[in-house]
Amino acid sequence: MAKRKQKIALKTRKTSAAARNKAAGQSHQVGPLKQNWPILPADRTSLSMAIFSQMQFIERMPPEQQNRLQLRQVERVLRFARETVPFYRESLDEIRRIPDGEMDEAFLSGLPILTRSEIQSAGLELRSTRTPPEHGPVFLQRTSGSTGKPIEVATTRLRAVMSNAHTLRTHYWHRLDVSQKSVEIRTAYKPGAEPKKPVWSVLPWAGPSKRLDINLPISELFDQFIDEDPSSVLSHPYTLMLLAERSRETGIQPKNLSTARSFAETLTPNIRQTLREIWNVPVIDSYSATEIGIIAHQCPDSENLHVQVENVRVEVLDDSGNQCEPGMSGKVVITPLQNFASPLVRYEIGDYAEVGESCSCGRTLPVLTRILGRHRNLCVLKNGERFFPEIQADLKPFGHIRQFQAHQKSLEDIDLKIVAERPFTREEKNEVEAIVQKKFHYPFRVNIIEVDDIPRAANGKFEEFKSDIPEAKMDD
Ligand SMILES: [Zn+2]
């Protein structure tokens, strides 16, 4: 009886405090406090920070727990897609037979793979008819279509919120000083699309971020980059390498550069080494795609790429469709977890990646050791063997080679375009041919073509090797 009285008394006191606050015109909410330190952020910033703080726990969860929670999110995506996306009405019908919360990996791995051409032909059939309003406004994302096959998917504002959270994570992992200046070298903003006050983090002390056009000639791009004098630079690995080599040629070094960040192309060990040698900076790699957002970020303690499990479920499959074991490489298949506008289920993005053992850093996020490239970057031999060739390091001893690109024209011929400071001698041509034959495991005819320039694609990407053999260009 006495207890009960106490309870009632407490309740009364509370009510009267609330009443006092109300009388004083105070709301029961805290924040936003934009002028405080630390700030109490409002809206999207606070959402990104709230997700980022959960990520600190997720990345060190026991793998089983992390996987279980992620599968629940995959299940939400599947049920939502089945209910609201015409394309999935039949193919995902089986999910209705599974009790809520019980979809497992076996079910997921039995679902059909979604290809780029299916996305293209499905068109609006792949859009949800009931995108949740709490995911924010809908936007269209269109890939650059480096081989003329762009795809378009719808996303929501939630993607930007997630993306900022994942950016915070990589900045935190690598201890980047975001108060300094960053330069992004990528495709230029569309007219009118440039943000009013571009910064490179949602943190209140974030420094400016300047975008430079990746399609400028390297000499011009280099001058702009030096003028900007950033502390961090973000670009495609190949462009970073060309800029570093320009530094070597001109003797002009970026004064304040402390890190380079790369995306969009395969970062080779040779490019890492070149940037270390010339600029004395580490390269922090990432793996993302226009239609997906972030897929993986480099570990702060190794060169492993950690899958960003809050944004995507990644499967790496061998030719029979089975999961690759650590050390093996296969096709990357992705299920985005936060796209409820154009849900993609088991989307074959077109890249190959190598699966890694769990990382020694203590983070339990799955590991990819390397992104190898696309179908068209695979060299195909007569005996059916396929591999991703890498000859950058082997051509290094030829100091006068400034740029090169290998192109498999047939099962017997490889064209090797070379930009060099002086013409090749007969002996040097023979040496190069021998290197290519050894590296490509076949006595190819190597046609050395000396050119003045090897342009990058319109999307700023550069391919060191591409193949015309049909098996190797099944997709974009
Ligand atoms: Zn790690």
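Analyst: This is a predicted model. In it, Val 233 stands opposite Ala 260 in β6.

User: Through which helix does the chain cross from β5 to β6, and what is the handedness of the crossover?

Analyst: β5 and strand β6 (residues 259-262) are joined by 4 bridges and pair in the parallel sense. Between the two strands the chain passes through helix α8 (residues 237-250). This β-α-β crossover is right-handed.

User: Which residue of β5 is the bridge partner of Glu 184?

Analyst: Strand β3 (residues 182-186) runs parallel to β5, with 3 bridges between them. The bridge partner of Glu 184 in β5 is Leu 234.

User: Are the faces of strand β5 covered or open, and which residues show it?

Analyst: Strand β5 covers residues 232-235, and both of its faces are covered. On one side Ser 232 and Leu 234 are buried.

User: How many strands form the open sheet, and which are its edge strands?

Analyst: The order is β4-β3-β5-β6-β7-β8-β9-β13-β12-β11-β10, an open sheet of 11 strands with mixed pairing. Neighbouring strands are turned by 35° against each other on average, direction ignored. Two strands pair on one side only, and these edge strands are β4 (209-213) and β10 (312-317).

User: In which sense do β11 and β12 pair, and which residue of β12 is the bridge partner of Val 333?

Analyst: Strand β11 (residues 329-336) and strand β12 (residues 347-355) share 5 bridges, in the antiparallel sense. In β12, the partner of Val 333 is Glu 348.

User: Why do the buried residues of α3 line one face of the helix?

Analyst: In α3 the buried residues are Gln 70, Val 77, Leu 78 and Ala 81. Seen down the helix axis, the buried residues of α3 fall within an arc, so they line one face. An α-helix has 3.6 residues a turn, so residues three or four places apart point the same way. The arc in α3 is within 100°.

User: What covers that buried side of α3, and which exposed residues are on the face turned away from it?

Analyst: The cover over the buried residues of α3 includes β10 and β11. The face turned away from the buried side carries the exposed residues Glu 64 and Gln 65.

User: How far apart are the end C-alpha atoms of α3?

Analyst: Helix α3 (residues 63-84) has 22 residues, and at 1.5 Å a residue these should span 32 Å. The distance between its end C-alpha atoms agrees with that, at 31 Å.

User: Is Pro 217 buried or exposed?

Analyst: Pro 217 lies in the loop between β4 and α7 (218-228). It has 10 C-beta neighbours inside 10 Å. A residue with 12 or fewer falls in the open class, so Pro 217 counts as exposed.

User: How far apart in space are Pro 217 and Arg 456?

Analyst: In sequence, Pro 217 and Arg 456 are 239 residues apart. From C-alpha to C-alpha the distance is 9.9 Å.

User: What share of the protein chain is buried?

Analyst: The secondary structure of the chain comes to 11 helices and 19 strands, and its C-alpha trace spans about 105 × 55 × 45 Å along the principal axes. Of the 476 residues in the chain, the buried share is 33%.

Definitions and conventions. Residues are numbered from 1 along each chain as its sequence is written. This is a predicted model: local features need pLDDT of at least 70, side-chain atom pairs count only at pLDDT 80 or more; totals for chains, interfaces and linings use all residues. Two strands pair if DSSP finds at least two bridges between them. Axes are lines fitted to C-alpha atoms, for helices over the stretch in contact, and angles run from 0 to 180 degrees between N-to-C directions. A residue is buried if 20 or more other C-beta atoms lie within 10 Å of its own, exposed if 12 or fewer, and partly exposed in between; C-beta atoms are placed from the backbone. A crossover is right-handed if, with the strands pointing away from the viewer, the path from the first strand over the helix to the second runs clockwise. The expected span of a helix is 1.5 Å times one less than its number of residues. The arc is that of the directions from the helix axis to the C-beta atoms. Two residues are in contact if their C-beta atoms, placed from the backbone, lie within 7 Å.
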